[in-house]
Amino acid sequence: MGFNVIVGGYFSIKRVMESIPMDIWIKAEDAARFCEAVLLYFRDNGSRGDRQKARLIWLIEDMGMEGFRQAISDKYDEMFPKKKGGAAIPAQPEPWAVAAGTNTPTQPHKKRDILGVHSQKQEGLSWVGINVPAGRILPDEAMALADIADKYSQGEIRLTVEQNVIFPNVNNTKVSELLQEPLFNIGYYFIPKSDKDFPLSRGLVSCTGSQFCGVALIETKNRAIELSKRLEEELKVDMPVRIHWTGCPNSCGQAQVADIGLMGGPARVEKEIDGKVKKVAVEGVNIFLGGKVGEDPFLGEVYKKGVPADYKYLIPVMKDILKEKFGAMEK
């Protein structure tokens with residue numbers, strides 16, 4: 001068991017790009033050591049003095065991938081001489097890319113749904129995926145999650161890239177009891193019963209937003225939760241749609257990888273002031289469409305700019321997108 005390594009992914013105001021293959025495969029037990037070697041090499045050789053270029057991809061482009069790969073292999077061997085050569089294995093075919101024992105391509109790997117109750121490979125055990133709307137967990141809720149983990153999953157909680165929570169290794173005899181925990185029955189956290197439950201909220205991701213971040217141009221988390229809730233109340237959507245919010249072009253919320261991405265930006269609306277209609281600046285979003293993660297990733301492209309973030313303007317635009325691109329219908 002191991003990992004092919006990809007590097008150089010980049011979100012910023014001036015540039016975005018997908019990560020690129022390094023043509024290296026590492027064993028699972030070597031992953032932390034390999035990452036340490038990459039980080040230390042970047043620390044010592046990257047453009048740390050130029051904030052606009054303080055990213056790994058700039059170093060890779062300066063050195064070329066072949067040179068960078070050799071430098072990292074040398075750094076790894078220097079740091080971990082007993083593992084010498086362990087980081088120099090060529091990349092391996094993904095198991096879903098070809099049929100076992102052949103060179104015949106298989107069906108594309110599909111992104112799995114990890115929310116809800118799922119049987120594990122280990123007999124008698126399940127994992128339970130919990131939706132945490134926009135990833136916001138308050139202190140008392142964090143304590144409750146920890147208590148639930150102690151009670152049902154041997155104290156283990158796993159956090160997902162979509163800001164949700166997984167309890168692994170839950171005894172099948174205890175699953176129904178876990179589902180009845182008060183935290184999951186107060187109308188905030190939820191455990192979907194199928195992949196059609198909460199189609200917009202389940203994949204909702206949001207950065208901190210202007211409520212707690214001085215860089216953000218708009219408030220995100222509260223607005224993201226409320227918008228998804230309203231759209232789910234008014235539309236019938238038969239497939240999960242991943243919606244990402246980010247408060248500024250730094251894209252901490254990774255709007256470009258979502259089915260629908262909303263990035264904070266300027267917008268204008270007409271408003272009567274002193275008897276005259278004027279255009280005034282308000283919080284707005286630029287909308288991205290078409291992002292994809294996993295196999296054959298793709299960064300979404302700008303669909304519409306300067307949409308006011310007020311629900312009066314944003315909900316109609318989002319409805320049109322969901323109907324046209326994702327087959328949604330009015331309830």
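**A serine and a sheet: a short tour**

Hi everyone, let's begin with Ser153: setting aside neighbours within four places in sequence, Ser153 is in contact with Ile148, Phe167, Pro168, Asn169 and Val170, where contact means heavy atoms within 4.5 Å. A quick word on the source: this is a predicted model, in which local features need pLDDT of at least 70 and side-chain atom pairs count only at pLDDT 80 or more, while totals for chains, interfaces and linings use all residues. Residues are numbered from 1 along each chain as its sequence is written, and side-chain values use heavy atoms, with hydrogens and water left out.

Back to our serine. Ser153 sits in the loop between α4 (139-152) and β7 (158-159); helices here are DSSP runs of H or I with at least four residues, strands are runs of E with at least two, and both are numbered from the N terminus. Is Ser153 buried or exposed? Ser153 counts as buried because its relative accessibility is 0%, and buried means under 20% relative accessible area (1.4 Å probe, protein chains only). Its side chain reaches the backbone oxygen of Glu156 at 2.8 Å.

Now to the sheet. Five strands make an open sheet with mixed pairing, in the order β9-β11-β12-β13-β14; two strands pair if DSSP finds at least two bridges between them. β9 (205-206) and β14 (301-308) are at the edges with a single partner strand each, so one side of each has no neighbour in the sheet. Further in, β12 (residues 260-273) and β13 (residues 276-289) run antiparallel, joined by 14 bridges. For example, Ile260 has Leu289 as its bridge partner in β13.

Technical notes: Buried < 20%, exposed > 50% of the residue type's maximum accessible area, 1.4 Å probe, protein only. Polar contact = N/O pair within 3.5 Å; in protein donor to acceptor, adjacent residues only side chain to side chain.
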